[in-house]
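I opened the model today to look up a few places. My notes follow the display.

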Amino acid sequence: MRLALVGFGHEANTFAPSAATLAAWRLAGILEGEEIRDRHERSESILAGYFGYAAEDPAAEVVPLAYSWITPTGASTAEAFEHLTGLMLARLRDQGPWDGVLLPQHGAAVADGHPDADGEFLRRVRAAVGPDVPIGVTLDLHANISRQLVEHADVVTVYQTNPHVDAREQGLACARLLARTIRGEIRPVLALAQLPLAAGILRMGTGQEPMRGLLALAREQERRPGVLSVSLVEGFPYADVAEMGMSVVAVADADPALAADAARTVAAATWERRAEFVGTAPGTEEAMRQAGAAADGADGPVLVLDMGDNVGGGSPGDSTHVLHAARRLGVKGVAQCVYDPAVALSCAAAGVGARVDLTVGGKVDDRHGEPFPIRGEVIAVTDGRFEDTTATHAGARVFDLGTSAGVRTDDGFLLALHSRPEGTWSRLQFSTLGIDPAAVPIIVAKGVHAPRAAFEPIASRLIWADTPGSTSADPSVFEFGHRRRPMYPFEPAARFDPESVR
Ligand SMILES: [Zn+2]
């Protein structure tokens with residue numbers, strides 16, 4: 001059983017300042033052949049789940065063809081999309097025939113000319129392999145799932161945790177269902193419920209309500225005879241596309257009505273609880289005031305989540321709003337990562353122990369704060385590469401943040417300066433730069449839920465800050481031209497039509 005592995009992961013924030021150009025994809029790494037296995041087999045990613053299937057089934061071979069994953073950013077250029085899909089389809093055609101195809105997508109990709117870039121890729125893959133070769137897709141919980149994607153897939157599995165710690169498990173589940181399909185043991189049919197509901201990012205944690213209870217309902221639906229998989233999908237609200245929003249995908253064995261009923265049941269329950277998906281958080285200054293008070297005498301650092309600069313959602317990672325607020329308020333002992341390649345390089349050139357006088361961050365655009373002036377000392381310099389074997393969001397293990405430097409400022413800030421943008425997903429982003437995250441009073445993390453996998457175990461308290469930026473917690477600050485209307489909470493009178501589920 002030869003299974004092709006090919007795909008690309010992109011969560012496109014159409015409100016973000018920078019595009020996913022071909023150069024950006026190349027910098028992120030377009031992997032081919034065995035380097036995909038080398039990079040992913042030991043990780044906790046979707047691809048590790050696919051390779052894991054080949055390890056448990058001696059008759060199955062997973063052949064890695066081409067794969068790329070880019071840190072969330074703006075939409076791909078047409079050139080980048082055509083290059084990536086062209087490469088992938090060429091490898092599929094050249095190295096076939098295949099018994100099945102495994103696609104580790106994200107599900108919220110957008111490209112110039114193809115707002116439903118994942119669906120368009122599925123359409124092209126289906127055209128390349130024909131109608132009889134089963135296609136399995138594994139998606140991120142933040143996928144915006146289109147009807148086109150579901151129509152061209154045979155199996156769809158989706159992360160059901162946030163932070164995402166089940167990527168490998170969902171990849172494995174997808175591969176198992178695909179193999180059973182190829183063997184003729186099952187005949188999967190899909191149903192999709194698209195809810196006219198944009199979930200607020202604050203309410204996307206799967207350990208909390210309403211997601212916790214709704215996911216339990218999805219698991220319950222999976223226990224119905226003939227139901228193979230049910231995924232409740234949060235969607236990615238920072239994308240101005242028609243398929244933006246929450247959805248439910250159900251897979252049943254040869255019974256379209258059963259698949260639709262399972263999807264409809266979970267979707268209806270989600271719709272009933274739509275008001276619980278609206279979250280609010282204190283603004284920057286109020287959050288830092290609370291953090292300063294909470295850090296006093298706390299057992300472990302206070303974790304402040306900088307929501308407006310959520311790199312995992314497409315923000316630049318160089319926001320300084322929180323740093324400025326801390327300085328204005330006299331809040332001491334703040335550690336934060338900042339994406340600033342020029343400053344990281346100049347600190348590295350100055351060397352450990354050097355005095356520096358610089359302005360940090362706030363340079364990508366004018367929404368993420370003014371540059372932050374600092375005077376201080378370089379305490380560490382690295383190439384930014386490390387492996388984290390502890391639990392991290394999406395099973396990330398190998399990090400490459402480019403030339404990086406740790407700086408202690410004269411007024412007590414601890415800054416981890418990186419040359420590549422990255423969400424604050426690993427404690428090693430600090431500890432490799434001479435900053436012990438467990439020992440600092442306040443850690444500012446770029447993200448909303450993703451940093452929790454690494455930092456919640458050491459944090460005394462979590463405070464979400466509704467900071468300005470490309471991933472503001474308040475969706476009403478963005479101007480949408482292409483999303484569906486009406487949609488909750490933008491138009492509170494929106495209605496969910498159970499008959500639309502099919
Ligand atoms: Zn996600």
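**Entry 1: the model.** I am working with a predicted model. I keep that in mind throughout.

**Entry 2: the zinc site.** I asked which residues coordinate the zinc ion. I found Asp 140, His 142 and His 164. I then checked the geometry. The angles among the four donor atoms range from 51 to 145°, and the site is irregular. I noted the sequence spacing of the donor residues as D-x1-H-x21-H.

Asp 140 is buried, at 8% relative accessible area. His 142 counts as buried too, at 10%.

**Entry 3: Ser 247.** Where does Ser 247 sit? I placed Ser 247 in strand 9, which covers residues 247–253. Is Ser 247 buried or exposed? Its relative accessible area is 1%, and the cut-off for buried is under 20%, so Ser 247 is buried. I listed its contacts, leaving aside neighbours within four places in sequence. Ile 145 is one of them. Leu 192, Ala 193, Gln 194 and Leu 195 are also in contact with Ser 247. Ser 231, Leu 232 and Val 233 complete the list.

**Entry 4: strand 10.** I moved on to strand 10, residues 302–306. How many of its five residues are buried? The count is five of five. I checked each face. Val 302, Val 304 and Asp 306 lie on one side, with Leu 303 and Leu 305 on the other, and both faces are covered.

Next I looked up the pairing. Strand 10 runs parallel to strand 18 (residues 442–445) over four bridges. It also pairs in the parallel sense with strand 19 (residues 461–465), over five bridges. I followed Leu 305 across both. Leu 305 stands opposite Ala 445 in strand 18, and its bridge partner in strand 19 is Trp 464.

**Entry 5: helix 7.** I took the span of helix 7, residues 167–182. Its 16 residues reach 23 Å from first C-alpha to last, close to the expected 22 Å. I wrote down some of its buried residues, including Ala 167, Gln 170, Gly 171, Cys 174, Leu 178 and Thr 181. After the helix comes Gly 184, with a positive phi near 80°.

Notes: Residues are numbered from 1 along each chain as its sequence is written. This is a predicted model: local features need pLDDT of at least 70, side-chain atom pairs count only at pLDDT 80 or more; totals for chains, interfaces and linings use all residues. Side-chain values use heavy atoms; hydrogens and water are left out. Helices (H or I, at least four residues) and strands (E, at least two) are DSSP runs, numbered from the N terminus. Buried means under 20% relative accessible area, exposed over 50%, partly exposed in between (1.4 Å probe, protein chains only). Contact means heavy atoms within 4.5 Å. Donors are N, O and S atoms within 2.8 Å of the metal (3.2 Å for Na, K and Ca); water is not among the atoms, so sites may look incomplete. Four donors count as tetrahedral if all angles lie between 85 and 135 degrees; four count as square planar and six as octahedral if opposite donors are over 155 degrees apart and all others between 65 and 115; anything else is irregular. Two strands pair if DSSP finds at least two bridges between them. The expected span of a helix is 1.5 Å times one less than its number of residues.
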